[in-house]
Amino acid sequence: MITAVELGLIYAVMALGVYLTFRILDFPDLTVDGSFTTGAAVAAISITNGVPPLAATAAAFGAGLVAGCVTGLLHTKGKINGLLAGILTMIALYSINLRIMGTSNLSLLREDTLITPLRENGYLGGAVAIALFALLALGVKLFLDWFLHTDLGLAMQATGDNQEMVSSFGVSTDRMKILGLALSNGFVGLCGAFVAQYQGFADIGMGIGLILVGLASVIIGQAIFGSRLIVVSTLAVVLGAVVYRIVIALALDLGFEPNDMKLISAVLVVLALILPQWKLFRRLPTFSSLRKSNATTAS
């Protein structure tokens with residue numbers, strides 16, 4: 001269970017990236033499945049070639065930024081449907097990730113990573129590791145809170161709400177979309193780097209279905225903890241990522257197989273989307289706000 005909390009806090013970084021595109025920009029970005037592995041691949045190959053772990057992790061963030069920019073350019077300048085643009089980038093990243101790693105699986109067990117001091121000192125699976133991973137997630141959360149309250153962030157929120165109106169005020173919606181997608185996938189790539197170092201390897205298939213994990217974290221968190229304010233909403237996403245990992249851990253304890261996890265994730269997302277529409281749950285303030293948020297996204 002402690003491992004589930006640790007992983008939940010690490011994956012919260014990815015969930016915040018998904019929140020930025022899914023809730024703020026109202027953009028269905030499937031680049032996540034590819035950019036997550038890109039971040040892991042860049043960090044892993046950099047570390048194995050002697051690059052300091054911190055610099056390798058920063059490079060993973062940069063690789064995610066580039067992936068997001070490509071999707072944004074395909075959508076805004078290439079006039080390609082947003083969903084299709086994400087799929088195209090994701091497919092291209094599969095081959096690129098194989099090129100980066102040179103193999104389908106790259107081990108980091110004999111390399112010094114950012115997680116090595118925690119592992120060697122026996123801090124993994126304890127309060128120290130949880131505190132450090134919580135600081136990581138809260139650091140990204142606070143940055144996102146600050147950014148979304150700047151003029152640039154407010155313009156990005158307005159772009160997601162009503163881009164026609166924003167355009168009439170002279171704001172470049174194309175730039176807002178590119179920036180949002182870049183920042184989102186930068187966080188996803190950063191998360192991939194940390195997950196690779198935590199698990200001790202980078203694998204070509206580690207990002208498959210990750211968008212569902214991100215959506216589950218966002219929707220579950222906002223269903224339980226609310227989503228009225230940006231500050232509350234981002235905290236709900238972090239807590240939702242932890243709750244999701246705990247639910248997955250409980251499912252494994254109940255006898256489900258690891259191959260069933262994608263199905264469980266899909267069921268969780270469906271329940272989180274359907275329950276707020278039932279009369280019994282409409283009376284609860286958090287479910288009511290989530291229902292309005294889902295309706296806005298659907299429109």
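Accessible areas here come from the Shrake-Rupley method with a 1.4 Å probe, and for residues only the protein chains shown count as cover. On that basis the accessible surface of the chain comes to about 13,500 Å², of which carbon and sulfur atoms hold 67%.

The model is predicted: local features need pLDDT of at least 70, side-chain atom pairs count only at pLDDT 80 or more, and totals for chains, interfaces and linings use all residues. Residues are numbered from 1 along each chain as its sequence is written, and side-chain values use heavy atoms, with hydrogens and water left out.

**Overall fold**

The chain has 14 helices and two strands, where helices (H or I, at least four residues) and strands (E, at least two) are DSSP runs numbered from the N terminus. Its radius of gyration is 19 Å, close to the 19 Å that the globule rule gives for 299 residues, so the chain is as compact as a globular protein of that length. The radius is taken over C-alpha atoms, and the rule is 2.2 Å times the number of residues to the power 0.38. Along the principal axes, the C-alpha atoms fill a box of roughly 55 × 45 × 35 Å.

Of the 299 residues, 52% count as buried (under 20% relative accessible area; exposed is over 50%, partly exposed in between; 1.4 Å probe, protein chains only). Among contacts (heavy atoms within 4.5 Å) with a separation of 6 or more, 77% are between residues 24 or more positions apart.

**Aromatic pairs**

A pair of aromatic rings is described by the distance of the centres and the angle of the planes. Rings of Phe, Tyr and Trp (its six-membered ring) pair if their centres lie within 6.5 Å; planes under 30 degrees apart count as stacked, over 60 as edge-to-face and the rest as tilted. The whole structure holds six aromatic pairs. Two of them are listed below.

| Pair | Centre distance | Plane angle | Class |
|---|---|---|---|
| Phe 133 and Tyr 198 | 5.9 Å | 70° | edge-to-face |
| Phe 143 and Phe 147 | 6.3 Å | 15° | stacked |

Phe 133 lies in helix α6 (residues 127-148) and Tyr 198 in helix α9 (residues 173-199), so their pair ties together parts that are 65 residues apart in sequence. Phe 133 is buried at 4% relative accessibility, and Tyr 198 is buried at 11%.

Phe 143 and Phe 147 both lie in helix α6, four residues apart, about one turn of the helix. Phe 143 is partly exposed at 35% relative accessibility, whereas Phe 147 is buried at 8%. Ring pairs also link Phe 61, Phe 143, Trp 146, Phe 147 and Phe 187 into a cluster.
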